[in-house]
Amino acid sequence: MALTGIQIYKLLPQTNCKECDFPTCLAFAMKLAAKQVELAKCPYVSEESAAQLAEAAAPPVRPVVINSNGNEVKGGNEIVLFRHNKRFFSPPGLFIRVYDDQSGEEIKAKVKPVGDYVVDYVGMDLSMGGIAVQARGGDFCAAVEAVRDVTKLPLILIGSAEELKQGLEKLAKDETPLLCSATTQNWEAMAALAKEYNAPLAVEAGNIDEMAGLVKKLEGQDLKDFVLAPKQRSLIGSLTANTTIRRMAIKENYSLLGFPIINFPGDVGDPIREVTRAMQAIGKYSSFIVLDNFDPATAYALLVLRANLYTDPQEPIQVTPGIYELNNPGPEDPFLVTTNFSITYFSVANEVESMGLPAWLLVTDSEGMSVLTAWAAGKFDAEIIAKDAKQFKAADKVTKRRIVLPGHTAVLSGELEEELPDWEVKVGPKEAVDLPAYMKEVL
Ligand code: SF4
């Protein structure tokens, strides 16, 4: 049973020392009861109390990890329903499915580009989560081997207990796949297999009561790591099931549903409908998403959506302030200026680099804000630009001192001329996409 705030308070030191950043132990206890803070923030909890508080401190959605050869996908560990309440912690993994009645060559041809796919998005490497291998009356063992010939990404194994056992025998001893799925018909055999291989187990059910009942039976087999697999496949059915499960876990502390979720957008068959379902699954609480089609274009869109939802909304993604070289600039080339918000930096750098134009890029410290936001907040003004230009020794890089302000901050040009009297201050375009034409025509 989860503890109430008052019960937790009685186990805390009650000294109100404030080291946890809360004004009182009671305030900290209330946050702990709401799963909005970690117990580790209080350094003075006794070992005995810590043991009793472990349940209260545990996230309402249990973390479940599958891994292989240093690659891992972690689901769960979430504490809020909405990103703006704090943040989401465990980005869902995208898995591409192959079937055991496909030939080895067919499987390898499908899996290889999935394993090789890495794309840079504002300084982050985005890649696929892994491969799902599903039994369909073929040779399950051979299918697993074909996958492992071309990639070491984590696996989801889908089939009967007998089929999965054959596949498990082919895997390295230190890898942990997800086994799919325990149902009301096969749960005892699947539980035995999950126990033998110490692997997390997906639990499939058509409604919440059936799901919770099945989890309870499986917990009775000394298993702890589950992934919930709602049977619903329609957009509304899947949305309702995922949302109900997550609300019950986080709002009601209902531990039988406090596990990550797996969804199967690939089951709809059509690649377009598959993508819309995957988008919904990313937005609404799925941790393991099984697709049938791999297309780099749609994979990129899904991974960027995921990245945007699973970054901390209170910490803008940033690049380090400094001087960046675009296309090996020389002493005659201009200085462009922008802020250290990653998307702003990469917009400017990508436009200039893709056109092969050499330039220096001065990135100021604007606490990760975009140009207009930073300017409005007083984090991007003439004084700051001049200070950073001097701090990073911009004048030492060039003989022809030209500095280009973003067009939206043209108002700063007069002040910047006063701050940097040896420089020619120019006003560039408002949008990064117009920079190459501006550089060719004006600079
Ligand atoms: S750090 Fe611990 S003892 Fe200090 S106020 Fe917070 S909960 Fe209380």
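Two strands pair if DSSP finds at least two bridges between them. Strands here are DSSP runs of E with at least two residues, helices are runs of H or I with at least four, and both are numbered from the N terminus. Keep that in mind for the tour.

**Before you start.** This is a predicted model: local features need pLDDT of at least 70, side-chain atom pairs count only at pLDDT 80 or more, and totals for chains, interfaces and linings use all residues. Residues are numbered from 1 along each chain as its sequence is written.

**Stop 1: the whole chain.** Show the C-alpha trace. It spans about 80 × 65 × 40 Å along its principal axes. The protein chain holds 16 helices and 17 strands. Colour 5-57 as domain 1, 64-309 as domain 2 and 322-442 as domain 3; these bounds come from an automatic or database domain assignment. The C-alpha centres of domain 2 and domain 3 are 45 Å apart.

**Stop 2: strands 6 and 7.** Select 130-134 and 155-158. Strand 6 and strand 7 run parallel, joined by four bridges. Pick Ala-132: its bridge partner in strand 7 is Ile-156. Now which way do the residues of strand 7 point? Leu-155 and Leu-157 point one way, Ile-156 and Ile-158 the other, and all are buried. Buried means that 20 or more other C-beta atoms lie within 10 Å of the residue's own; exposed means 12 or fewer, partly exposed in between, with C-beta atoms placed from the backbone. In a regular strand the side chains alternate between the two faces of the sheet.

**Stop 3: helix 5.** Select 140-150. Phe-140, Ala-143, Val-144, Ala-146, Val-147 and Arg-148 are buried there. These buried residues pack against several elements, including strand 3 (93-99), helix 4 (104-116) and helix 6 (161-169).

**Stop 4: the cores.** A nonpolar core is a set of buried Ala, Val, Leu, Ile, Met, Phe, Trp, Tyr and Cys residues joined through C-beta atoms within 7 Å. The largest one has 74 residues; Ile-131, Leu-179, Leu-201, Val-203 and Val-227 have the most contacts inside it. Helix 7 (187-197) gives the most to this core, with six residues. A second, separate core of 30 residues includes Val-337, Tyr-345, Leu-405 and Leu-416.

**Stop 5: the ligand.** How many residues surround the ligand? There are 13, and the closest are Cys-17, Cys-20, Cys-25, Phe-28 and Cys-42. A residue counts as near if its C-beta atom, placed from the backbone, lies within 6 Å.

Conventions. Two residues are in contact if their C-beta atoms, placed from the backbone, lie within 7 Å.
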